[in-house]
Amino acid sequence: MKHICLAIALILCGDSTIAQELQPVQLNPPAKVRGTSVMEAFQNRQFIREYQETELSLQDLSDLLWATYGINRENGKRTAPTAQNSQDVNVYVCRAEGTYLYDAASNMLQPVTTTDIRPLLEGRRPTGAPVCILLSADMSRYKGYAPDKDTTHYYEMGAVDCGIISQNLAIFCAGVGLATGPRAGMDQDGIRQALGIKDTEILWLNHPVGYPKE
């Protein structure tokens, strides 16, 4: 019995150690002079389904996130608008070692879980992309939101906000030679459980991102 208890204690200790290994990641300042012209980015834009397994460089990841939903003005506003400037969208960065939340104010990745949720995002059509970006919108950040009132408007505005941000991500990738494609299908229940997502936060889109397979 003592041996069993010791084994359980070691397992729990091991899980705790693993959880502690996922540390915040300081991103680089965005390199704002790079890539093609806007029109060339539109010319190059396409949905890509095959990716290299090579990890994104820190600079590519930093630039990707800033272009997607970073802060571009001293007043704290972002590269993409949101209804009422609610800044209701969360950008999750899902990698093999775990999942992070993009913190635009500090330009950092904040750890959420050591669980690799990419299989929950990709389902039966895995791409092999090293990163998946998950976009959600939290209705409770809107002015006037109340759980006992009709939330249809906030629900719909969250979809619009995530759609705009998805376009930022896609155009950036097309302009710098990265591969991506927006998807709505995912294991909603599994992701919610893994990330501890509250009811007011709606999962809308996810983007695999990586270097295109040659």
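Begin with the whole chain and its contacts, a contact being heavy atoms within 4.5 Å. Among contacts between residues at least 6 apart in sequence, 73% join residues at least 24 apart. This is a predicted model, in which local features need pLDDT of at least 70 and side-chain atom pairs count only at pLDDT 80 or more, while totals for chains, interfaces and linings use all residues. Residues are numbered from 1 along each chain as its sequence is written, and side-chain values use heavy atoms, with hydrogens and water left out.

**The whole chain**

Colour the model by secondary structure to display 6 helices and 7 strands; these are DSSP runs numbered from the N terminus, helices being H or I of at least four residues and strands E of at least two. Their order from the N terminus is α-β-α-α-β-β-β-α-β-α-β-α-β. The radius of gyration is 19 Å, close to the 17 Å that the globule rule gives for 214 residues, so the protein is as compact as a globular protein of that length. That radius is taken over C-alpha atoms, and the rule is 2.2 Å times the number of residues to the power 0.38. Along the principal axes, the C-alpha trace spans about 70 × 50 × 35 Å.

Of the 214 residues, 44% count as buried. Buried means under 20% relative accessible area, exposed over 50%, and partly exposed in between (1.4 Å probe, protein chains only).

**Helix α3**

Select residues 58-69, which form α3. This helix has 12 residues and reaches 17 Å from its first C-alpha to its last, close to the 16 Å expected at 1.5 Å a residue; the expected span is 1.5 Å times one less than the number of residues. How many of the 12 residues of α3 are buried? The count is 9, and the helix is mostly covered. Among the buried residues are Asp60, Leu64 and Tyr69.

Move on to isoleucine 71, in the loop between α3 and β2 (89-95). Isoleucine 71 is partly exposed, with a relative accessible area of 28%. Leaving aside residues up to four places away in sequence, its contacts are Trp66, Gly76, Lys77, Arg78, Ala104 and Ala105. For a distance check, select valine 33: the C-alpha atoms of valine 33 and isoleucine 71 are separated by 16 Å, and the two residues lie 38 apart along the chain.

Asparagine 85 is in the loop between α3 and β2 as well. Its phi is near 50°, a positive value in a residue other than glycine, and asparagine 85 is partly exposed at 39% relative accessible area.

Select asparagine 107, in the loop between β3 and β4. Phi of asparagine 107 is near 55°, also positive in a residue other than glycine. Is asparagine 107 buried or exposed? Asparagine 107 is buried, with a relative accessible area of 16%.

**Helix α6**

Finish at residues 188-195, helix α6, where Gly190, Ile191, Arg192 and Leu195 are buried. Their cover includes β2, β3, β4, α4 (118-122), β5 and β7. Glycine 196 follows α6 and has a positive phi, near 65°.
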